[in-house]
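Please look through the sequence and the model shown here before reading the report that follows.

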Amino acid sequence: MNIRSRETTVTFNNPFRLSALDHVQPAGTYRVVVDEEEIPAVSFLAYRQIATMLHTPALSSSGRSQVFTVNSGELASALEADVGA
């Protein structure tokens with residue numbers, strides 16, 4: 001099976017919390033990597049998401065780098081809540 005990774009960034013204007021993280025994260029821009037695998041036996045090229053990983057600390061911060069596998073829906077909800085805050 002073919003697996004591809006897509007890298008992007010997300011920006012939080014306020015501190016946030018996700019269940020996969022040990023503590024509240026400060027506002028900032030974070031690197032996110034999404035792994036997807038090819039769906040075989042379909043008549044067109046299609047992928048399904050298999051993992052979403054959030055890299056800490058924020059890009060503008062220093063410190064020990066860690067990677068957390070997070071729920072993509074929870075991450076999207078946290079970003080949405082941040083916009084409304």
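## Terms and basis of the model

Helices (H or I, at least four residues) and strands (E, at least two) are DSSP runs, numbered from the N terminus.

This is a predicted model, in which local features need pLDDT of at least 70 and side-chain atom pairs count only at pLDDT 80 or more, while totals for chains, interfaces and linings use all residues. Residues are numbered from 1 along each chain as its sequence is written, and side-chain values use heavy atoms, with hydrogens and water left out.

## The helix α1

The 13 residues of α1 should span 18 Å at 1.5 Å a residue, and the end C-alpha atoms are 19 Å apart, which agrees; the expected span is 1.5 Å times one less than the number of residues.

Buried means under 20% relative accessible area, exposed over 50%, and partly exposed in between (1.4 Å probe, protein chains only). In α1 the buried residues are Leu-75, Ala-78 and Asp-82. Seen down the helix axis, these buried residues fall within an arc of 60°, so they line one face of α1; the arc is that of the directions from the axis to the C-beta atoms. Glu-80, Ala-81, Val-83 and Gly-84, on the other side of α1, are exposed.

## The nonpolar core

A nonpolar core is a set of buried Ala, Val, Leu, Ile, Met, Phe, Trp, Tyr and Cys residues joined through side-chain atoms within 4.5 Å. The largest one has 14 residues, of which Phe-12, Phe-16, Leu-18, Tyr-30 and Leu-54 touch the most other members. At least two residues of this core come from each of β1 (3–12), β2 (28–38) and α1 (72–84), and β2 gives the largest share, 3 residues.

## Strands and loops

Two strands pair if DSSP finds at least two bridges between them. β2 and β3 pair in the antiparallel sense over 8 bridges, and Glu-37 has Arg-48 in β3 as its bridge partner. β3 and β4 are also antiparallel, over 4 bridges.

Phe-44, in the loop between β2 and β3 (47–56), is exposed, with a relative accessible area of 56%. Pro-57 lies in the loop between β3 and β4 (66–69), and a cis peptide bond joins Thr-56 to Pro-57, with omega about 0°.
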